[in-house]
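Please look over the model shown below before reading on. The questions and answers that follow take up some of its features one by one.

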Amino acid sequence: MLSPYRVIDLTDERGVLAGQMLADLGADVIQVEPPSGSSGRGVAPFFADRPGESIYWAAYTRGKRGVTCDLEQPRGRDLLFRLLESADFLFESSDVGRMAALGLDEESVRERFPQLIYVSISAFGQTGPKAHYAGSDLAIWAAGTPLLMTGDDDRAPLRVSQPQAWGHAAADAAGGAMLALHARHQSGRGQHVDVSAQVSAAQSTLAQVLAYQLGASEPERFGGGIKVRGQGLRGTADVADGYIVLLMAPGPAVGHFANHAVRWLVDIGAIDAGMLDEDMVTYADRLAAGQANPELFPRLQENMRAAVASRTKQEMLDISIAYDLLLVPVLTVADLAESPQLEHRGFWRDIEHADGRIVTYPGPPLQIFVGGEPFGYSHRPPPTLGQHNAEIYAEIGVDANELEQLNEAGTI
Amino acid sequence: MTLPEGTGPLAGVNVLDLSWIVAGPTVGRALTDYGATVIRVESPSRVDTARVVAPFHADEPGVENSGLYVNVNAGKWGLTLDLRISEAQEIFRRLVVWADIVCESFTAGVLSRWQLDEPNLRRLKPDLIMLSSTLLGQTGPYNQVSGFGSQGAGMAGVQDLTGWADRPPAGPYGPYTDYPAPRFSLTALLAALDHRNRTGEGVFIDQAQAEGTLQLLAPALINVKNGGPALERRGNDDPQMTPHGVFPCRRTSDRSESWVAIAVASDEQWRALAEVIGANPSLTIGERREQQAAIEATISNWTAQRSAADAEEALQALGVSAHRLSNTEDAANDPQLAHRGHFHRLPHTLHGETTVEGPRYLHSETPGRPQRPAPLYGEHNRQILSELLGLSDEEIEHLAASGALS
């Protein structure tokens, strides 16, 4: 869909997903790295059979072509300008101020290329009192508020063990870039898109980041569930081989799922059929009016926990689908690798790397049908360092002679 | 006839949004921030869960009090339609003809029962762009799994990957799959719109919210699929950044707890931190990992003597990545978020005023903004039916009598 467009991707590990999202939609994305390789090539994990080869970098450069270019050299910057002549987007995620130090800040570059959409991804944004703060996954998650909300209430707050903050920001950057493309269709001009990972983290709190300003209580963390007015509500339960997410609550929004759970518990003989007469949709209202037994629901929850404890994640998923419960397994990374759902949807992609080996990747993020036909996702492997130098530089008019000179000068 | 058009790069783009809760409505919110006209269709009988979850204005639950609903629906026009009623379906079909984009998040198969699924809608509008967004996708053995993003977090591995190694998973805050998913669907919808404008071809997008979320776990998935170990939850530990964690600070009188996050990404940052806390600045990362517990105790001793704000500022001045764990009051007073104008105050019919988040990015030439507050339940029924669709008063009365609207 985006095949008419070209992206010059200067990002490191912090913004590298953004360009890939456009590559997955068909754009020609050129990852530009320093001749010594991007810092992203040093980010863990590493391939078990290729020590030192970053899985992280491969994961998010898949689908792109790659060149090297030393932007510290004037000659490298000239080369970048030649690349930008045919580009629609530039993405960068360097420390705030570095692009300006190189004379490559958005104003200078856009003056030269007014049609260019210049997207910056940073921890806190390009300007403001914290713009020069050192960013990191953990500090961003802290500054955006989700960190304090996450974890067990008797220990320090927690992040997700696979870092997330930069991914949220980079994914926002892709959307911001597309909005700027539509603006360009209207005006003929590009613009600067300034993405703050702190803001992206704030957008990942179910609007709880607004609590104070709305006069609402601060959210409190409670492992495996939520806390409402100091009272912890577990949203998970133990099963024979792990855990499940189990939401069973009365009320108009989800009470009907609790009714379905009652039906299952009756069917397996765990509770008396008389419970079928209790409507969980209206239970809370009846309780408030003194017309329901306050011990009934807590007992039902105990019955449910006892019933699931001896069953496996897979058994509970099958029961959940059969009875329409709000219940799913807590899948581990190992479980995901074997997921029948992902398998059925063709989620995994086997991609041949430049060295001939086949590597299995996740994706695509969406199943898209264009004009009724499945959208053809690219199977392009991640580029090795400078893999497409000759090809891409030839496209912008660099002849063999000049290529040699650029090599000798260490520019590429 | 038409509704008042928005301003911005998407002015003139019409969106029919019958998704609900967060993952779907967030997309429509982004589109309207940039000028699209978005009609949010809600069931009059099955209340949107977003309307009944916190944060509530002044902590008072109520279908018009949720800050979440207001946040993800600002700028939209509100219409109630009970799609089980044939008269409502007819109105819906007319709105599909008006729309460029339809977003929906029913369980797979529900719209087919009403002949309102993608093939049927495409017959009405051949170049329609449609997003169907569910937890696990339209196809596959588990496409009927019900749930919210909290279930999605379980099915996308994030629940299991958030917690301490010696304890059951704690899980992330809230319905995690609702956070990444709209970022992928928004980008694809805008690409689809660009494609349609150039070629006239319609696009259908089948989103599994879990699969969007898995993009953010890609390194762990590639590792396990290619002979490597399966990542497991490990608290705040990071093999490439040590020390790395959340440390207790001196509490202020109004807080029950106070923390600072510290992430040391390089030997240079370690030297700066070590000088301050009184540790050996020449330790390599290997040595720091061996002495992790002792180093963390030394840091905790230092952080416990100062406020989180002081710790953050002292460490940032040395180039060490650190930030207090902001609560929502801190966010309200954060000078950086204020500098970016992240929080927007909007008038609200019932509350006088409400606050919503701004767009996710700052555009230098065409900044987005919430164009009006979120609709009250069915607030624009009459306006949409009479001004947009040209229904007469009698026709609207007939429609209301059929039960289509309430």
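**Between the chains and within them**

Q: How many residue pairs are in polar contact between chain B and chain A?
A: This is a predicted model, in which local features need pLDDT of at least 70 and side-chain atom pairs count only at pLDDT 80 or more, while totals for chains, interfaces and linings use all residues. Residues are numbered from 1 along each chain as its sequence is written, chains are lettered from A and ligands numbered from 1 in the order in which they are written, and side-chain values use heavy atoms, with hydrogens and water left out. A polar contact is a pair of N or O atoms within 3.5 Å, where within protein one must be able to donate a hydrogen and the other to accept it, and residues adjacent in sequence count only if both atoms are side-chain atoms. With both residues at pLDDT 80 or more, the count between chain B and chain A is 70 residue pairs.

Q: Which helix gives the largest share of the side of chain B that touches chain A?
A: Helices (H or I, at least four residues) and strands (E, at least two) are DSSP runs, numbered from the N terminus. On the side of chain B that touches chain A, the largest share is 13 residues, and these come from residues 181–199, helix H7 of chain B.

Q: How many salt bridges does the rule find across the interface of chain B and chain A?
A: A salt bridge is a side-chain nitrogen of Lys or Arg within 4 Å of a carboxyl oxygen of Asp or Glu. One such pair is Arg183(B) with Asp172(A), whose closest N and O atoms are 2.8 Å apart. Across the interface of chain B and chain A, the number found is 12.

Q: Which strand of chain B does strand E6 of chain A join?
A: Two strands pair if DSSP finds at least two bridges between them. Here three bridges link E6 (residues 192–196) of chain A to an antiparallel strand of chain B, and Asp194(A) stands opposite Leu362(B). The strand of chain B is E12, residues 361–363.

Q: Why is one side of strand E7 and of strand E9 of chain B left without a neighbour in the sheet?
A: Three strands of chain B form an open, antiparallel sheet in the order E7-E8-E9. E7 (244–248) and E9 (321–324) stand at its edges, so each has a single partner strand.

Q: What is the bridge partner of Gly245(B) in E8(B)?
A: E7(B) and E8 (residues 259–263) of chain B pair in the antiparallel sense over five bridges. For Gly245(B), the partner in E8(B) is Ile262(B).
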